[in-house]
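Colleague: I'm new to this one. Could you walk me through its pockets?

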Amino acid sequence: KRLFDQEFVETNTDLPFLVRVDTLQPLRPDEVIAGFVEPALKSIQFLKKGEKAPSGLKNAGQFAPEDMRDQFRSYVVRDSKTQKLVAVSRDEFGEAMSNKKVSPDLRAAFTVKLLNGKSVRVRSIFQMTEEYLNKNFTPESTSKITGVPKSAIISLATQIAANREKTLFACGMGPNQFFNSDLKDRAIFLVAALTRNVGFPGGNVGSY
């Protein structure tokens, strides 16, 4: 029913990013965009070996070791208007992403030619997630797994989608002590992200 918040998904989540089907790794700009240069990030500072982050400061920023820099490389989306591949850095989220004037193709699934001449199939995280959920977690199948009536599942989903920035997922931390229970949080955050309920007073995921 398209009840998800498309603008929030496009600008504040990793769901529009493209993934290579052959490796299941993110498609990187330097693989497909000629002349691309990784931008210097403002949202995180990389520390040289032996260097320590400042302590005792409020909002001192985010820090990571220099040898982790490769893990913060830019991602790629396909602009649904121009069909062009566009690089998205770690700094470009929220308002910064909106300012790029890019409308990511959330259901992207196509073949792209890499700069090395190889052709690979790519899909957006949104498209892969949607396919997986539609195959495995329809209201009917979810009802069988959980014992919750189908009508209640649909009702809850509809209410959450109707209360953007106002739904608090108070889920506790206890279950996280058990094997694979972090997946519970991933599922909750997915629902929250789809409905614009991450990072707002009263609209967020929390433990209490």
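Colleague: How much space lies in the largest pocket?

Modeller: About 1800 Å³. Keep in mind that this is a predicted model.

Colleague: What makes a residue part of the lining, and which ones lie nearest the centre of the largest pocket?

Modeller: A lining residue needs an atom within 4 Å of a pocket point. In the largest pocket, 36 residues line the space, and Leu133, Phe137, Ala157, Val191 and Leu194 lie nearest the centre. Two or more lining residues come from each of α4 (125-136), α5 (139-146), α6 (150-162) and α7 (182-194). The most come from α6, which gives eight.

Colleague: How do you know how many of the lining residues of the largest pocket are nonpolar?

Modeller: Sort them by residue type: Leu, Phe, Ala and Val count as nonpolar, so Leu133, Phe137, Ala157, Val191 and Leu194 go in that class. Over the lining of the largest pocket, you get 24 nonpolar, seven polar and five charged residues.

Colleague: And what volume does the second largest pocket have?

Modeller: About 710 Å³. Its lining has 26 residues, with Asn12, Thr13, Asp14, Phe17 and Phe93 nearest the centre. Here α1 (6-12), α4 and α7 each give two or more residues, and α1 gives the most, with four.

Conventions. Residues are numbered from 1 along each chain as its sequence is written. This is a predicted model: local features need pLDDT of at least 70, side-chain atom pairs count only at pLDDT 80 or more; totals for chains, interfaces and linings use all residues. Side-chain values use heavy atoms; hydrogens and water are left out. On a 1 Å grid over the protein atoms alone, a cavity is a set of points where a 1.4 Å probe fits but cannot get out, and a pocket is an open set with protein on both sides within 12 Å along at least five of seven lines; lining residues have an atom within 4 Å of a point. Grid points are joined across faces, edges and corners, and a volume is the space filled by probe spheres set on the points.
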